[in-house]
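Student: I should like to learn how to read the features of a protein model. May we look at one together?

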Amino acid sequence: MQRIRTRHQFQAAMASAPVAKTPHFALHRSALDVVHGERLLFPVAEAWLGVVLPKRWARRAVTRNTMRRQVYEVARTLPVGLPDAAWVVRLRSEFSRKQFLSATSEPLKRAVRAELQTLLGRVVPREALPSTTGALAHVD
């Protein structure tokens, strides 16, 4: 997976409406064939990922850095990688500072990770995920 680094790459990926949303995050997607000037913005044909965490929604740098690490780690550990496209995860609302007192608390990390797994899980092809239809379910 490649990381989106330039302003033009971020602008291209965020030009369209979000393809998935959760209470705190939005996921934008762009095709890889975007050209700026005479160059391709995404020259390698694989998944590209970027993160936008505005200070408006996460005031402390330590919080933004923790969330950024969570995004890249969740994407890296998906059972199946993201489809080949340019993806941007954008924080769109604040995590309550009353509920999560510390900027890097374990409860905050778990909440961010769970929401990111939900968000990114919505764009992973269903046929690529492990099937649970053949497994026996234990119901009490």
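Student: Which residues of helix 3 are buried?

Tutor: This is a predicted model, in which local features need pLDDT of at least 70, side-chain atom pairs count only at pLDDT 80 or more, and totals for chains, interfaces and linings use all residues. Residues are numbered from 1 along each chain as its sequence is written, and side-chain values use heavy atoms, with hydrogens and water left out. Buried means under 20% relative accessible area, exposed over 50%, and partly exposed in between (1.4 Å probe, protein chains only). In helix 3, the buried residues are Leu108, Val112, Glu115, Leu116, Leu119, Leu120 and Gly121.

Student: Against which elements do the buried residues of helix 3 pack?

Tutor: A contact means heavy atoms within 4.5 Å. The buried residues of helix 3 pack against strand 2 (20-21), strand 3 (25-30), helix 2 (61-76) and strand 7 (86-91).

Student: How many helices and strands does the protein have?

Tutor: Helices (H or I, at least four residues) and strands (E, at least two) are DSSP runs, numbered from the N terminus. The protein has three helices and seven strands, in the sequence pattern β-α-β-β-β-β-β-α-β-α. Of its 140 residues, 39% are buried.

Student: What span should helix 3 have?

Tutor: The expected span of a helix is 1.5 Å times one less than its number of residues. Helix 3 (residues 106-121) has 16 residues and should therefore span 22 Å; its end C-alpha atoms are 22 Å apart, which agrees.

Student: How many aromatic pairs does a search of the whole structure find?

Tutor: A pair of aromatic rings is described by the distance of the centres and the angle of the planes. Rings of Phe, Tyr and Trp (its six-membered ring) pair if their centres lie within 6.5 Å; planes under 30 degrees apart count as stacked, over 60 as edge-to-face and the rest as tilted. The search finds three aromatic pairs. Phenylalanine 42 and tryptophan 48 have ring centres 5.4 Å apart and planes at 65°, so this pair is edge-to-face.

Student: Are phenylalanine 42 and tryptophan 48 buried or exposed?

Tutor: Phenylalanine 42 is buried, with a relative accessible area of 2%, and tryptophan 48 is buried, with 6%. Phenylalanine 95 and phenylalanine 100 also form an edge-to-face pair, at 6.0 Å centre to centre and 70° between the planes. Both phenylalanine 95 and phenylalanine 100 are buried.

Student: Which residues do ring pairs link into a cluster?

Tutor: Ring pairs link Phe25, Phe95 and Phe100 into a cluster.
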